[in-house]
Protein chains: 2
Amino acid sequence: MTTTDATAELLARRRVLLGPSLALSYRTPLLIVRGEGAYLFDADGRAYLDCVNNVAHVGHGHPRVVEAGVAQMRLLNTNTRYLHENVIRYAERLTALLPEHLEVCFFTNSGSEANELALRLARAVTGRPDIATVDVAYHGNTQRLIEISPYKFNGPGGAGRPDDVQVVPLPDPYRGRFRGDGPGVAAAYLSEAVAVLDAAVDAGRPAGALIAEAIPGTAGQIVPPAGWLAGLFDAARAIGAVPIADEVQVGFGRVGTDMWAFGAQGARPDIVTMGKPIGNGHPLGAVVTTRAIANTFANGMEYFNTFGGNPVSAAIGLAVLDVIADEGLQEHARVIGKRLLGGLREIATRHEPIGDVRGAGLFIGVEIVRDRSTRAPYADLADDLVNAAVGRGVLLSTDGPDRNVIKIKPPLVFSSADADRLVETIDAILSELDAG
Amino acid sequence: MTTTDATAELLARRRVLLGPSLALSYRTPLLIVRGEGAYLFDADGRAYLDCVNNVAHVGHGHPRVVEAGVAQMRLLNTNTRYLHENVIRYAERLTALLPEHLEVCFFTNSGSEANELALRLARAVTGRPDIATVDVAYHGNTQRLIEISPYKFNGPGGAGRPDDVQVVPLPDPYRGRFRGDGPGVAAAYLSEAVAVLDAAVDAGRPAGALIAEAIPGTAGQIVPPAGWLAGLFDAARAIGAVPIADEVQVGFGRVGTDMWAFGAQGARPDIVTMGKPIGNGHPLGAVVTTRAIANTFANGMEYFNTFGGNPVSAAIGLAVLDVIADEGLQEHARVIGKRLLGGLREIATRHEPIGDVRGAGLFIGVEIVRDRSTRAPYADLADDLVNAAVGRGVLLSTDGPDRNVIKIKPPLVFSSADADRLVETIDAILSELDAG
């Protein structure tokens with residue numbers, strides 16, 4: 001059977017067996033069978049430069065991470081109702097990377113489970129069910145997380161904003177109401193956020209928690225104006241809401257200058273949630289919070305997570321931290337990210353559809369527009385670009401509410417040659433599409 | 001450092017680092033470092049017969065399951081937006097084990113994620129937010145799942161029943177309002193359940209889903225009277241609610257006579273959820289439903305689960321199914337479970353505190369009472385028994401709303417010698433405690 005036949009056959013079986021609400025990437029879906037470093041390989045052995053899978057944080061199939069999991073799987077995998085060294089060492093290592101006041105850990109199996117638990121922790125403290133969230137955010141796939149995710153409830157099939165959810169504006173310096181990096185931009189967005197929070201207080205339903213990503217991802221890799229997140233968390237504290245930093249997309253050194261994206265913005269969360277990159281693909285998530293919040297949550301009701309913090313997951317999480325440190329991946333993300341941003345900005349001077357290039361470290365967005373003056377989103381061109389890139393062996397994807405932002409968030413082992421190749425590929429495709 | 005010192009040291013570090021709402025098992029917590037088959041081993045090499053970890057379904061560290069995971073981890077772990085053979089094969093194998101109308105799969109990372117998704121699926125079909133649940137049930141650790149878990153919301157730290165949750169009575173033939181196995185018992189419980197469902201319909205808030213375990217676990221391993229679950233699901237259908245079978249505790253052959261506990265009761269769910277044993281400890285969960293429900297759910301909003309159904313998880317899930325089949329573990333659970341029930345019933349004739357022995361296959365409950373005539377729960381004795389058993393190298397635990405039910409749900413590789421040893425151990429401990 002040829003690979004084309006195998007792909008068609010798998011596709012047909014998948015359509016029958018898996019829920020139709022799960023989409024495949026690319027017009028011609030890929031049959032990926034192997035991964036190594038920043039590369040994925042299809043059934044024909046064709047290599048694809050992976051510019052989009054931030055989950056494979058330290059590189060696909062990193063031997064240290066794999067072997068740490070293998071050794072522990074052969075020895076023992078059980079739950080946290082017994083003592084085990086791994087989960088304790090992991091909690092020590094993780095808290096050592098965080099501000100001092102974030103000192104108590106809970107382990108889950110995903111970022112969704114982490115965000116769910118964060119909401120429960122906050123509610124235990126405040127007794128308030130209402131949640132404030134940032135426009136176009138996505139925080140996970142449970143019922144409640146969909147309800148606090150404007151990306152979903154305002155998107156296709158969404159039911160709109162629930163009464164017990166407050167939405168503060170997305171601080172988008174390119175497309176938002178307040179633009180640019182002037183000193184008043186953050187203040188203007190914060191003023192609107194405070195108005196939203198205060199209106200809810202006045203209406204008798206103050207938010208119990210405010211959840212935000214330091215660099216909103218599904219909104220289109222938006223880099224907020226300096227000071228925004230710190231100010232937003234202060235505004236939350238001012239009304240008694242617990243500030244939650246969702247680091248599921250952006251944590252673990254990806255932003256380069258800092259281990260955590262909230263740190264790069266000088267913000268002080270009382271709860272931090274982690275997922276995606278934390279286990280390099282292994283199902284793992286974490287919540288780290290203050291002792292006061294953890295103690296209040298312990299009201300007699302046990303929180304038990306069957307698989308959370310098991311010895312295998314903890315061994316894998318530890319190995320990921322080891323690799324980030326030993327291979328200097330945070331600094332690497334800073335250096336390569338800077339090179340990539342520079343390269344993308346350089347080609348932007350020659351390609352009218354590149355309306356904006358933004359990001360921090362290896363978390364980058366390239367906004368595709370019809371016209372730089374109107375900034376009208378050009379989703380079709382973004383989609384053409386992504387699909388043409390696959391043909392050239394480069395994996396990208398789009399995001400943002402208008403699906404016109406090219407999302408770049410590769411494994412951190414992405415090399416300078418990989419960065420140059422990505423820039424050249426986008427350059428070449430846009431030249432072709434411009435000419436076409 | 002002696003093991004006692006190591007245990008004390010780990011305990012001290014754990015108290016500082018992990019949320020205090022996570023309890024350890026046993027008065028003297030165990031430092032478990034290795035697992036094999038039905039046995040766990042502590043740091044001194046002491047073996048414990050594991051009678052309680054149903055998660056390690058085909059035995060701790062089963063080589064076929066471990067090596068399936070190892071091989072796939074070394075090759076590739078990525079998400080379901082690419083095609084991959086494993087997840088398709090796994091979905092084929094899983095649906096082949098289910099009634100024909102259950103034909104579409106969703107994969108998650110835990111039973112909690114599976115039950116969350118099940119509620120979303122049901123709501124997409126009915127548009128109704130209210131959920132009906134069985135008294136003393138536990139369905140998972142998210143906010144919404146705690147809200148539909150009377151075991152939690154009526155337990156320590158619980159906030160009571162939410163307005164949008166309806167609780168039908170637990171069909172407990174030993175301690176409930178209707179007792180014994182007479183032909184009218186199921187009908188009596190069903191009549192009360194129908195009254196609860198109908199009252200909510202009359203109040204203008206009909207349930208959108210009814211979720212139930214075929215053998216309620218946290219309620220104390222309750223074996224309902226014959227026909228109860230089938231009748232309950234029929235009652236749900238009659239008011240337009242989607243019947244959900246939660247097989248997280250009881251699925252995958254544990255009940256012996258059937259692969260699924262709902263099947264053993266002749267019930268017909270429209271959604272089945274799976275967790276715990278599905279990956280032998282690997283974080284994995286699944287939801288299987290009808291094509292009609294899956295299609296209705298696909299309203300434009302994507303359901304994506306970052307780690308769910310990844311090639312490693314699917315390889316492990318497949319290996320678990322292979323081992324169950326190749327080692328005949330379902331039939332083994334039936335045979336050993338029957339022997340164990342017989343042995344426990346035999347010693348019950350000599351020990352007044354054993355008020356009831358019940359179960360199906362290797363999912364068994366032993367109810368400890370102060371007095372057989374009053375059936376007053378005797379939690380202290382149950383707790384003494386469990387802790388004395390640890391001293392004899394046997395791991396058990398308690399459950400039920402009164403914490404007086406000894407819960408027995410070992411890895412299915414439990415041998416007849418293991419079963420005999422468990423019976424002898426309980427016999428000996430009760431003899432000692434009786435004399436003491």
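The paragraphs below lead through this structure, from the whole chain to single residues.

The model is a predicted one. The predictor's confidence in each residue is expressed as pLDDT, on a scale from 0 to 100. For chain A the mean pLDDT is 97, and 100% of its residues reach 70 or more. For the complex as a whole, the predictor gives an ipTM of 0.97 and a pTM of 0.98.

Consider chain A by itself. Its secondary structure comprises 14 helices and 16 strands. The radius of gyration of chain A is 22 Å, close to the 22 Å that the globule rule gives for 436 residues, so chain A is as compact as a globular protein of that length. The C-alpha trace of chain A spans about 65 × 55 × 45 Å along its principal axes. Of the 436 residues in chain A, 60% are buried; a residue counts as buried if 20 or more other C-beta atoms lie within 10 Å of its own. Contacts in chain A can also be sorted by the separation of the two partners along the sequence. Among contacts between residues at least 6 apart in sequence, 72% join residues at least 24 apart.

Chain A is divided into domains by the domain assignment. Domain 1 takes in 3-58 + 328-435, and domain 2 takes in 63-326. The centres of the two domains of chain A, taken over C-alpha atoms, are separated by 25 Å. Where the domains meet, 27 residues of domain 1 of chain A are in contact with 29 residues of domain 2 of chain A. On the side of domain 1 of chain A that touches domain 2 of chain A, the elements that give two or more residues are α12 (329-348), β11 (354-360), β12 (363-371) and β16 (405-408) of chain A. Helix α12(A) gives the most to this side, with five residues. By class, the residues on this side of domain 1 of chain A are 12 nonpolar, eight polar and seven charged.

The next step is from one chain to the pair. Chain A is superposed on chain B by a rotation of 180° with 0.0 Å of shift along its axis, and the RMSD is 0.0 Å. This is the relation of a two-fold axis. Between the chains, 85 residues of chain A are in contact with 85 residues of chain B. Several elements of chain A each supply at least two residues of the side that touches chain B, among them α1 (3-17), β1 (32-36), α2 (63-75) and α10 (291-297). The side of chain A that touches chain B has 38 nonpolar, 33 polar and 14 charged residues. Of the interface residues of chain A, 100% are also interface residues in chain B, so the copies meet through the same surface.

Single residues can now be examined, beginning with the backbone angle phi. Most residues other than glycine have a negative phi. B:Phe252 has a phi near 70°, a positive value in a residue other than glycine. B:Phe252 is placed in the loop between β8 (242-246) and α9 (261-264) of chain B. With 25 other C-beta atoms within 10 Å, B:Phe252 is buried. B:Arg403 is not a glycine either, yet it has a positive phi of about 50°. The loop between β15 (397-399) and β16 (405-408) of chain B holds B:Arg403. B:Arg403 has 17 other C-beta atoms within 10 Å, so it is partly exposed.

B:Leu430 lies in helix α14 (residues 416-435) of chain B. B:Leu430 is buried, because 22 other C-beta atoms lie within 10 Å. Leaving aside residues up to four places away in sequence, B:Leu430 touches B:His351, B:Pro353 and B:Leu385. B:Leu430 and B:Arg46 are 384 residues apart along the chain, and their C-alpha atoms are separated by 23 Å. In chain A, A:Glu9 belongs to helix α1. A:Glu9 is partly exposed, with 15 other C-beta atoms within 10 Å. From A:Glu9 to A:Asp322 there are 313 residues in sequence and 41 Å in space, C-alpha to C-alpha.

Definitions and conventions: Residues numbered from 1 in each chain as written. Chains lettered and ligands numbered in written order. Predicted model: local features only at pLDDT ≥ 70, side-chain atom pairs only at ≥ 80, totals over all residues. Domains from an automatic or database assignment. Contact = placed C-beta atoms within 7 Å. Helix = DSSP H or I, 4+ residues; strand = E, 2+ residues; numbered from the N terminus. Nonpolar A, V, L, I, M, F, W, Y, C, P; charged D, E, K, R; others polar. Rg over C-alpha atoms; globule rule 2.2 N^0.38 Å. Buried ≥ 20, exposed ≤ 12 C-beta atoms within 10 Å, placed from the backbone. Least-squares fit on C-alpha atoms with pLDDT ≥ 70 in both.
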